[in-house]
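This report looks at a protein model step by step, moving from a contact between chains to the parts within each chain. Please keep the sequence and the structure in view while reading.

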Amino acid sequence: MPLFREGSAAPVANDQPAPLPLADWLKDRVGPAVALANTDDVNELQPELASLTLITLHFPRFSDGRAYSQARLLRERLGYRGELRAAGDVLQDQLPFLLRCGFDSFESDQKGFGEALARARTLFSVVYQPTKDGRPTASQLRLFGRRVTLSAAE
Amino acid sequence: MPDTHFYRYDEYDRRLVGERVEQFRDQVRRRLAGELTEEQFKPLRLTNGLYLQLHAYMLRIAIPYGTLSSRQLRKLAEISRKYDRGYGHFTTRQNLQLHWIKLEQAPDAIAALAEVDMHSIQTSGNCVRNTTADHFAGAAVDEIEDPRVWCEIVRQWSTLHPEFSFLPRKFKIAITGSPNDRAAVRVHDIGLRLWRNDQGEVGFEVIVGGGLGRTPMIGKTLREFLPKDELLAYLEATLRVYNRYGRRDNLFKARIKILVHEIGAEKMCEEVEAEYESMKDSALRLAPETIEAIAGQFAPPPLQPGRTRVPEVEALKLEDRNFALWLKSNVAPHRVPGHAIVTASLKPAGAPPGDASAAQMEGVADIADAYSQSEIRVSHEQNLVLPHVAIEDLPAVYRALDRLGFAEANVGKITDIIACPGLDYCALANARSIPVAQRISRHFAALSRQHDIGDLKIKISGCINACGHHHVGHIGILGVDKNGIELYQISLGGDVDFGRTALGTILGPAVPAEKIVDAVDALVATYLEARSAGERFVDTYRRLGVQPFKDRVYAAV
């Protein structure tokens, strides 16, 4: 399956070791790469999370959105900083959501996926929800705007 | 043109909606070019409100918190003329549906909506839908706080939510700010009720897991009192629990009500509270300035207190009996003395409930400009509302509505029927709804009789999905298909009033379409004979139970 990362419209080489399914990884809790099913509990990766370099989250169908919650829990609550890969039924129209939830690599054989990835961060210049992607929300920008106006008036 | 008294898009909202139009235009292009399969395209079009129905595509347009400016309503009329057949259908979820859209034109129709700061984002699909509110919000006498402020906050938070755009199933939120619930909050995935506690603080009661459809359930209170600024954190916690644990193996068991039912309200509460614990005090907490800025946009129009007894109104009441009846049923008290809330009935005798032609929409927009601060509301009972009318203008408003065919004095009465589009349009339906509503409406058309019968809510669904809310009708009618024959199952005693929310009880075997009027007639006759003073139909039913109604109906059909 072609692998994509931001910064390249063409597929990139997979430089990561093959991830172990969670059940196998849990046997001795070593190995830098784990593949989770979307029903797996991300907390099981603690306390070795910091030693992982790749976690793969799975979309059995693109319409099954459980992995988005797993991704945000890994990034925002558990502080995972390694590669977070979307696998399975991954389509370009999911990319704005995937990026906002903290995914940074994508397996997809959809035509035009790499070009779509290059545009995905700018497809929507406004976001309403705070996530770990660090983009200021419309609400934060408005608040900042008002405070600037207020301090200018003082 | 006067300024609006509800939320106005700023550059951020406008940019996002515009970018969404362009994204959809590209998706339609890819579909037409064969780059997307129908299976891949379906969820994309659905989250832009585009359905494929029996005859054509249907576009469902969101009317957030049921509030429209006259300018927006005129644009809806224009869109229905240009891209559809010159009429639209107002739904029970404060949406407008256009039933004859062409796929190639859908992006242009949506772009036209964006010109007046409207959209069809997330009016379908397995995501958070249009958040609905009390249609009397901001004008009701009994209101504690305007719920639309919070609907707008939820609208923004839920729009293109990165985590919750592929939920197990659709997700509907309703908010009320009044003790008299006009938003049916106990039958939504999440219902929010603003109330004031003993300390004088206003917060939300959070009700989760209500719903109609094939498994009707009354929602459970997960939180008695939630501080207002933590609303988004609590919603995000609830949605995360649902996204992770809601069932995806069976479409019919995927709503949050099934999750709450299966794990129990207590366990659900534990899960949500645990998630909320790690979310509160986060960036999701609403800054006071943010709340104030949005609330400020809903500041009420500057209405001057006026005369409540106006000689011209009193005179016309004596002269024109229909006007007198209209004042009783279609005019509600306003919080500013000398003003009233007028409901324009979209249920004239024999008409499809909730339909309005482009000319009628423009007519209502004109009346709103002249007499109601250029504002219109859409009610979940499929009527339009003029929220800020001076009492002295009531005769003029009555005459103007009458010219449009929208002055029927039947709001809350037996012909103010809620009905889904049914088999005339919908691919899911088993039976027709609109013709049944039309027949009942014609049969009971005489206004004096309707007013004698009093408050009686009939709700009709063409299938078990219950878009016509039949479970909560005083009389509920459900279309079923038995070996290719359309039959109708009748239930009694449903109610959405707060504190009395109840699901109807099935009367007995389903009756054929041609017998439905006789059956309703028998129900009404039973009530009229048995009622005691001041009792509504549903009160008499509660006192007597189902038996006398049942005996009379099955003797008649």
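## The contact between the chains

How many residues does the contact take from chain A, and how many from chain B? The model is a predicted one, and in it the contact takes 28 residues from chain A and 32 residues from chain B. On the side of chain A that touches chain B, the elements giving two or more residues are α2 (66-77), α3 (95-101) and α5 (138-153) of chain A, and the largest share, six residues, comes from α5(A). Sorted by class, this side of chain A has twelve nonpolar, seven polar and nine charged residues.

## Chain A as a whole

The secondary structure of chain A comes to five helices and six strands, and reading along the sequence gives the pattern β-β-α-β-β-α-β-α-β-α-α. The C-alpha trace of chain A spans about 65 × 40 × 25 Å along its principal axes. Of the 154 residues in chain A, 40% are buried. Among the contacts in chain A with a separation of 6 or more, 48% are accounted for by residues 24 or more positions apart.

## The two domains of chain A

The domain assignment divides chain A into domain 1 (3-123) and domain 2 (124-154), and the C-alpha centres of these two domains lie 29 Å apart. The contact between them takes ten residues from domain 1 of chain A and six residues from domain 2 of chain A.

On the side of domain 1 that touches domain 2, the elements giving two or more residues are α2 and α3 of chain A, and α3(A) gives the most, with four residues. By class, this side of domain 1 of chain A has four nonpolar, two polar and four charged residues.

## Two packed helices in chain B

Two packed helices are described by the angle between their axes and the distance between the axes. In chain B, the axes of helix α3 (residues 70-83) and helix α12 (residues 358-371) come within 8 Å and cross at roughly 170°. Angles over 145 degrees count as roughly antiparallel, and α3(B) and α12(B) are therefore roughly antiparallel to each other.

The residues that make this contact include B:Leu73, B:Leu76 and B:Ala77 of α3(B), together with B:Met361, B:Val364 and B:Ala365 of α12(B). By class, the contact of α3(B) with α12(B) has eight nonpolar, two polar and four charged residues.

## The buried side of a helix

Which residues of helix α11 (residues 321-330) of chain B are buried? They are B:Phe323, B:Trp326, B:Ser329 and B:Asn330, and because they cover an arc of only 135° around the axis, they are on the same side of α11(B). What covers these buried residues of α11(B) includes α10 (311-319), β11 (331-333), β12 (339-344), α13 (394-404) and α15 (447-453) of chain B.

## A buried residue in a loop

B:Ala466 is found in the loop between β17 (458-461) and β18 (475-482) of chain B. Why does B:Ala466 count as buried? A residue is buried if 20 or more other C-beta atoms lie within 10 Å of its own, and B:Ala466 counts as buried because it has 23 C-beta neighbours inside 10 Å.

Leaving aside residues up to four places away in sequence, B:Ala466 touches B:Leu212, B:Gly213, B:Pro216, B:Ser461 and B:His471. B:Ala466 and B:Leu16, by contrast, are 450 residues apart in sequence and 33 Å apart in space, C-alpha to C-alpha.

Note on methods
Residues numbered from 1 in each chain as written. Chains lettered and ligands numbered in written order. Predicted model: local features only at pLDDT ≥ 70, side-chain atom pairs only at ≥ 80, totals over all residues. Contact = placed C-beta atoms within 7 Å. Nonpolar A, V, L, I, M, F, W, Y, C, P; charged D, E, K, R; others polar. Buried ≥ 20, exposed ≤ 12 C-beta atoms within 10 Å, placed from the backbone. Arc of directions from axis to C-beta. Domains from an automatic or database assignment. Axes fitted to C-alpha atoms, helices over the stretch in contact; angles between N-to-C directions. Parallel < 35°, antiparallel > 145°, perpendicular 65-115°, else oblique.
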